[in-house]
Amino acid sequence: MLYIKCPHCGLRSQNEFSYGGDATVKRPELNKEISDQEWDNFVYLRKSPRGKHLELWQHISGCRQWIKVERDTLTHEIFTTLKSNEEL
Amino acid sequence: MSENFRLDNGGLVNRSKKISFKFNGKKYFGYEGDTLASALIANGVHLVGRSFKYHRPRGFFGAGVDEPYAIVQMNRNNEVDPNVRATEQELFEGLEAKSVNCWPNVDFDIGAINNFLGKFFPAGFYYKTFMWPKSFWHKVYEPIIRKAAGFGAASIKHDKERYEHKYEYCDLLIAGSGPSGLASAYAAALNGAKVILAEDKSRFGGSLLTSEVTIGNQSGQEWSEKIISELKSMSNVIVKNRSQVFGYYDHNMLVMSERISDHLPETEKYTPKQRLWYIRAKEVIISSGSIERPLVFGNNDTPGVMLSSAAKEYLKIYGVLVGKKPLIFTNNDSGYETAIEFKKNGIDPVVLDTRKDPNSEIIKEAKDLNINIKLSYVVVLAKGYKKVSSADIAKISDDKKNISNIVNIKCDCICVSGFWTPTIHLASQSGNKTKFNEEIDAFIPSHSKQNETTLGSANGIFTLEETLKTSFEKGNELSKKITNKENKILVPSVVEKKSSNHDKFWCVPLPKGKNYKRFLDFQNDVAVSDIQLALREGYRSIEHVKRYTTLGMATDQGRTSNLNGLQLVSEIENKVVPQVGHTTFRPPFSPVSIGAIVGREIGKHSKPTRKSPMHYWHEKNNAVFVDAGVWLRPRYYKQGNENLFEASKREAKNVRQNVGVCDVTTLGKIDIKGPDAAELLNRVYTNAWLKLPVGKARYGVMLREDGIVMDDGTTTRISENHYHMTTTTAQAANVLSHLEYYLQLVWPELNVNVVSSTEQWAGAAIAGPKSRDVLQKLFPDLDVSNEGLPFMGYREGNLFGINAKIYRISFSGELAYEVNVESDNGNFMWEKIMEIGKVFNIEPYGTEALSTLRIEMGHVAGSELDGRTIPYDNSLEGLVSKKKDFIGKRSLSKKAYIEPNRQKVVGVIPLDKKTSIPEGSYIVKDSNAKLPNPKLGYISASCWSVEYDNPFSLAIIKDGKNMIGQKLFAMSPLKNKTIPVEIVSSHYVDPKGERVRS
């Protein structure tokens, strides 16, 4: 079980969190004209890297904040955790 | 048979407490402190089972967790417990156990015929033989093989024992209480670290219990007792015996199983049978020791052949002789220690040493005791079927390739020692890249991946002096880092006998013309010849060889077989062992019972149960409950002998004719506050929200980004910047996370707060033509007229002194109101509604009637909003704004979503107006068409329309818009029904929606 450092609450076990996928995906702005391809890329296409991955987790059984976690998908090593408004 | 093998004194068992037990129906006696194995050996019982493949007789090979043979089926307090190692099971009064893998009994086992057919059972036999004919595997081969295989039978009864889970955090977790575990724990504890010391066995001390050493001025055993009692008295230390750390998982999470009651005749009240500990440790010390390696020779699986360390343990801990005419076969000094113990207890052993001229203090002591030692000698073959009776021994050449001078000598046991294998499982599980140590012919941990440190013989250190020194140092160093305190300890002086180098020899060559079975894996019956065959057939990777031959794949995880298997592969392949590599160690280290893994999360406890504040009223009034997510909701209220169908019909009818009340507490509720609340709703819902006035509610649909409907519900504007959102019961948690996601990550500029208020409000839906009359009497001061409280209106009211929120919204399609009060007042509200509604014939209604009411009104719900449909499919396209953007809007222009013949919800009536259509039925054009019959859609929900008194269903079908009036078929292959139907509008009752506005 992973040990994730919530930037708001500190180190907590994985079972307090839920996984939220790739944190590098940016939602297209509202009301902006974009191509079908761009939209599909946003909705469906995700990379599945072997190694470092910046991902979203939500501390659902804690502060309920969405956080960013830089994790190695191969070794599970966690390098950094960030608040939702912080960038790597 | 029951010859006494117990010494008159010696050992750590409590001779004042005699214990009776049964094995295979026969009664025996042992002492408190015995294991089932030691007690059986004391009674001269060496035949305890049959082997997995050849059904060869099986005895005892080890004295603990390394045991590959002695697996028994336990019967404890009328519960069966399979797969128990007799060497680990402590004896208790009335213990009953029996052999496994034999039929009709262990003495005469029919399966033993496999032994004589051995040449037909080579490696990969099953893969090669049962391939053809293909259809036979499932019906013929597998059932027979299943019946013949296995180490016991699990109970099919509910396990009445209690198992618990516990979470713990510590600075240092130390696995194993031998010298390295004790020393490191003691040093760390003195530095103030929070320490957990876990010992798998019942007794602490590990090798100190059986070795002849002195620490300071005490024996090893006395020293271990002193350290343990000191550790136990310290408040920062948890000391646990019968507790095995079996798994090392990510981020220094280790799992330990504590066997609390398995050694007792029955579990005490309020005590679990076992407890699983999830331990997050800052540092982990692996002091799991080492396991003796076997030597390989002909018929080396005969009962009576066992590890020399096990023979010594039976002697020193249990005061039991494994034989009275022992032959000791060794390639190192450990065998001599066992021989010396025999000699001291009046038994004359013969020692065969593969080495030519070994020299050490231990060997000198053996010589001084006049022990018969034969150098450059090996055992070629063990003789005897159910027990060793003699051995063919021979002289071995200096290059270890040739044997000569074979003679037979009488013996009743053969104690083997092929040197020691460090127990590196936990380090390997943690991700440690192990390395091969040439000096000890075994793998030891190298680079730690997590915070693990391996000490003592688990790290390949076999002298006590060095073990203690490094362990005190490590315990001090690791704890000092955490506590910033240091309490220097003087390492005590150690007296131990020095050993000489071991011989790398491990496998005795076959005499010319002989083809004896020489076993490597004792639990899975894998012999040298099987590995040779696998390599001849082209298997190279050790992982493949393992799977093909099943070497090391048994429940003992190859503790006694792995290294010898590797030696063999590397010899044949002409490689060195490190190139061959070892297979992966995976948790659990030894079997863990399913009950312990599941813990308390069984039955009703497998998920939380949520009850509304009115739950007990429902219970008292004969409600039959149904699981709705984690909630319990009344499905119907039973009157007399009614069944579900009759009751729900009565309840629904009463709503249409009079008035009913339904507990809607379970609906998800989210409180939304902030100046940008309207903007958030406008982006989340498909329809427009910016102009909703205060005091009004609106129905809304929200999508996922892919355009699929996520949820629906009403949201009410309570005040300028305050909204009350409702969600469906099932999606409540997801919708909250969804809102939080957009507020925190996508649109952090929006000034809005959201919080779940589901549990703060108790809700009652009052529905039916007479609901206004009920409401007026509940709130006499309130103007509840159609003008005063119009459809989708919201008011606050005073319900006999308590604050209430009244929403004029309707799911049933009737004139209806939902009244919310604070949860604590829920029952009060409900009873008031029932009391006041009595004159209007109010009746409570459950989820089944609720479904009927919404289905015949054509209101979509969970069965239509099933994660596969877009607004159009549910006839909700009128709620999709063309002007503004919202979550998921861009997806709605996808080609498949705008096709003219896109699926749409419709109503379905059976032509005979009698036959109910099963939910999930397919809609097809021609019921006799060739299979696969093209399906137009499916029935999503069915009910018995109380308005028209005939069945009515909703369906989502292709081109639904243009199908109204068509005569089609509903087919249910599951229920074997074909029903001619007519497609109608989904709005079956009150299609203009007049009632809700009346």
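Predicted model: local features only at pLDDT ≥ 70, side-chain atom pairs only at ≥ 80, totals over all residues.
Which residues does Arg997(B) touch, not counting residues up to four places away in sequence? They are Asn786(B), Phe791(B), Arg808(B) and Lys992(B), where touching, or contact, means heavy atoms within 4.5 Å.

Residues are numbered from 1 along each chain as its sequence is written, chains are lettered from A and ligands numbered from 1 in the order in which they are written, and side-chain values use heavy atoms, with hydrogens and water left out.

Back to our arginine. Arg997(B) is partly exposed, with a relative accessible area of 48%; buried means under 20%, exposed over 50%, and partly exposed in between, using a 1.4 Å probe and protein chains only. Leu815(B) sits 182 residues from Arg997(B) in sequence, yet their C-alpha atoms are 6.7 Å apart.

Now compare Asp711(B). This residue is buried yet has no salt bridge, meaning a side-chain nitrogen of Lys or Arg within 4 Å of a carboxyl oxygen of Asp or Glu. Arg704(B), its nearest side chain of opposite charge, is 11 Å away.

Finally, let's look at where the chains meet. In contact there are 29 residues of chain B and 27 residues of chain A. The rule finds three salt bridges across this interface. Arg890(B) forms a salt bridge with Asp36(A), with the closest N and O atoms 2.6 Å apart.

Note on methods
Lys, Arg positive; Asp, Glu negative; His and termini not counted.
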